[in-house]
Amino acid sequence: MKRYFGLLIMALILVSCGENKNVKQEVELSPIIKKAIGDVDSPFYGNFSQFPKEKRILPIGVFDSGTGGLTVLEVLLKADMVNNISGELGPDGIPDFSGEHFTYLADRANMPYGNYAAENKQDFFKELVVKDALFLLGDKYYENPMDKKPLGNKAQSKILVIACNTATAWGLEDVGTLLNESKTGVKVIGVINAGVNALLDKIAKTNSVEKEDSLAVGVLATVGTIASGAYERTIMQEREAKGHKEFIKVVNIPCVGFAEAVDREKDFVNVELTSPRESYRGPVLGQNEGDIKMSLLPAYSFEYNDGAILREKDASGNYKAFQLNSAQNYARLHLVNLVEKHRQSGVKVPLKYVILGCTHYPFMIETLQQTIEQLRHYKNSNGEYVYAGLIAKDFEFIDPAVYTALECYQTLRQDNQLALNPGKGKLDAYISVPVYGLAPDCIDDDGNLTYNFKYGREYGTDEITTVFVPFSRRYLDEATLGRIESMLPKSYEKIKQILE
């Protein structure tokens with residue numbers, strides 16, 4: 001009997017030890033998540049115990065560093081990829097998100113997102129992304145930047161869509177942790193996985209080669225997204241998970257200033273200028289990966305009219321300043337540099353796809369497509385075609401927005417949270433601005449955060465330096481609105497109702 005009892009105790013100990021090996025380690029919560037979950041005195045407290053149990057009528061929350069995420073919203077508003085009755089793939093003539101409400105957030109005061117990694121502020125940036133999520137999950141907003149507290153009432157979001165590649169690369173995991181800890185049942189969709197799934201699906205349909213270097217794929221993305229390695233990592237992980245046999249050669253370029261130029265940030269594009277300025281933060285003449293290379297000036301096919309390039313020569317006729325001053329020229333520079341990097345690698349297989357790894361880039365799709373055609377026919381001084389053999393005949397740009405919308409729909413359907421509302425859905429839209437009362441040296445002449453202050457802030461504090469206010473013409477210039485109107489008509493129709 002004693003022997004049996006001893007064996008029983010030993011068995012229990014062994015089972016206990018085995019169980020301990022399978023116990024998940026507790027996730028170390030970041031300061032902002034700790035405040036959101038349990039600090040009732042913090043301005044970032046989420047009060048998730050009061051989150052609505054019934055989520056169907058709540059809006060879909062979409063956020064980005066600026067207006068680039070509106071390209072994702074546009075797809076959400078137009079998408080007809082699924083039969084709304086059966087849930088099977090295939091259009092049925094009814095928008096997939098018919099009757100859904102949306103909340104859009106542009107964290108424009110804190111952009112460029114891509115620079116936080118370069119300034120060694122990754123933890124602060126992750127905190128910004130969590131704050132974006134907290135705003136969409138919350139029920140308050142600031143009516144103007146002078147308010148001491150958020151006094152406006154807004155709807156909370158039933159799902160979050162991170163319509164920003166850099167925010168997805170660095171902050172998706174933290175937002176997922178926040179949602180798990182919140183116990184709200186809200187889920188998050190990021191654009192990077194969606195873009196990679198789009199790529200692999202296209203490969204599966206069109207590529208049957210199974211040899212080394214069988215496929216070359218380009219990635220245009222911000223400095224922060226490229227620094228994270230998120231696209232390469234996700235491509236390889238999903239490739240293995242889906243059983244793809246092709247070897248995928250990934251070539252990428254960090255696109256300094258491209259997104260900021262699209263959003264007309266004045267350190268990168270200032271249409272009022274006719275000569276170079278000291279405050280310019282865009283690419284410069286040089287030989288580094290993202291530089292403007294003198295040897296490639298003919299290939300870039302830059303526009304020079306209307307101040308699109310600001311340049312100055314010295315007495316010897318050499319450029320002492322050469323500054324990009326249009327979003328189109330940023331697009332040309334980075335795409336040409338990408339194809340040139342592929343050429344320099346020595347890999348002979350042509351580029352078949354280029355992923356637009358930032359939601360701002362589809363605004364320049366026409367320029368990007370023109371640049372590809374120009375490169376096909378570009379000859380050097382010896383009359384040789386330099387890039388023709390490095391661009392596939394069936395070359396294609398991939399916009400992750402379409403697959404992001406599909407994943408969002410399928411997630412809501414699976415969770416039984418589609419609105420199923422026959423009426424028209426509405427849009428609420430917010431933008432971040434500097435809070436009133438910051439020290440004068442924190443604000444530039446245009447009322448924006450200075451670069452040094454923006455990237456010098458510390459994480460883990462309760463300090464509020466920017467607040468979210470409703471979209472208005474005060475914060476959206478006519479050029480930006482004109483671009484949205486011409487390229488994103490569904491989004492503009494909703495935004496116009498807000499601004500009137």
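The following dialogue examines how terms are applied to this predicted model.

Colleague: What does the model rest on, and how are residues numbered?

Modeller: This is a predicted model in which local features need pLDDT of at least 70 and side-chain atom pairs count only at pLDDT 80 or more, while totals for chains, interfaces and linings use all residues. Residues are numbered from 1 along each chain as its sequence is written, and side-chain values use heavy atoms, with hydrogens and water left out.

Colleague: Why is the pair of F135 and Y430 called edge-to-face?

Modeller: Rings of Phe, Tyr and Trp (its six-membered ring) pair if their centres lie within 6.5 Å; planes under 30 degrees apart count as stacked, over 60 as edge-to-face and the rest as tilted. The structure holds 19 aromatic pairs. For F135 and Y430 the centres are 5.2 Å apart and the planes stand at 75 degrees, so the pair is edge-to-face.

Colleague: What makes this pair a link between parts of the chain?

Modeller: Helices (H or I, at least four residues) and strands (E, at least two) are DSSP runs, numbered from the N terminus. F135 belongs to helix α5 (residues 122-137) and Y430 to strand β13 (residues 427-434), so the pair ties together parts that are 295 residues apart in sequence.

Colleague: How do you know whether F258 and Y361 are buried or exposed?

Modeller: Buried means under 20% relative accessible area, exposed over 50%, and partly exposed in between (1.4 Å probe, protein chains only). F258 has 0% relative accessibility and therefore counts as buried; Y361, also with a relative accessible area of 0%, is buried.

Colleague: What makes R281 a charge over a ring?

Modeller: The term requires NZ of Lys or CZ of Arg within 6 Å of the ring centre and within 35 degrees of the ring normal. R281 lies over the face of Y451, at 3.6 Å from the ring centre. Y451 also belongs to an aromatic cluster with Y113, Y116, F124, F125 and Y455. In another case, the charged end of R483 sits over the ring of F363, 4.5 Å from its centre.

Colleague: What makes a set of residues a nonpolar core, and which residues touch the most other members of the largest one?

Modeller: A nonpolar core is a set of buried Ala, Val, Leu, Ile, Met, Phe, Trp, Tyr and Cys residues joined through side-chain atoms within 4.5 Å. The largest core has 91 residues, of which I60, F97, Y104, L220, F302, C408 and F471 touch the most other members. Helix α12 (residues 327-345) supplies the largest share of this core, 8 residues. A second, separate core of 58 residues includes V186, V217, Y231 and I398.

Colleague: Why are β8 and β12 called edge strands?

Modeller: Two strands pair if DSSP finds at least two bridges between them. The open sheet of 4 strands has the order β8-β7-β11-β12, with parallel pairing. β8 (248-254) and β12 (391-398) each have a single partner strand, so one side of each is left without a neighbour in the sheet.

Colleague: What makes β9 and β10 a pair?

Modeller: There are 5 bridges between strand β9 (residues 309-313) and strand β10 (residues 319-324), which run antiparallel. E312 stands opposite A321 in β10. The hairpin has 5 residues between the strands, and G317 there takes a positive phi near 90 degrees.

Colleague: Why is N47 called partly exposed, and what is its phi?

Modeller: The relative accessible area of N47 is 34%, so N47 is partly exposed. Its phi is positive, about 50 degrees, although N47 is not a glycine. N47 is found in the loop between α2 (31-38) and β1 (60-64).

Colleague: How do you know that the peptide bond joining M111 and P112 is cis?

Modeller: The omega of this bond is about 5 degrees. P112 is placed in the loop between β2 (102-106) and α4 (115-118). Most residues other than glycine have a negative phi, and most peptide bonds are trans.
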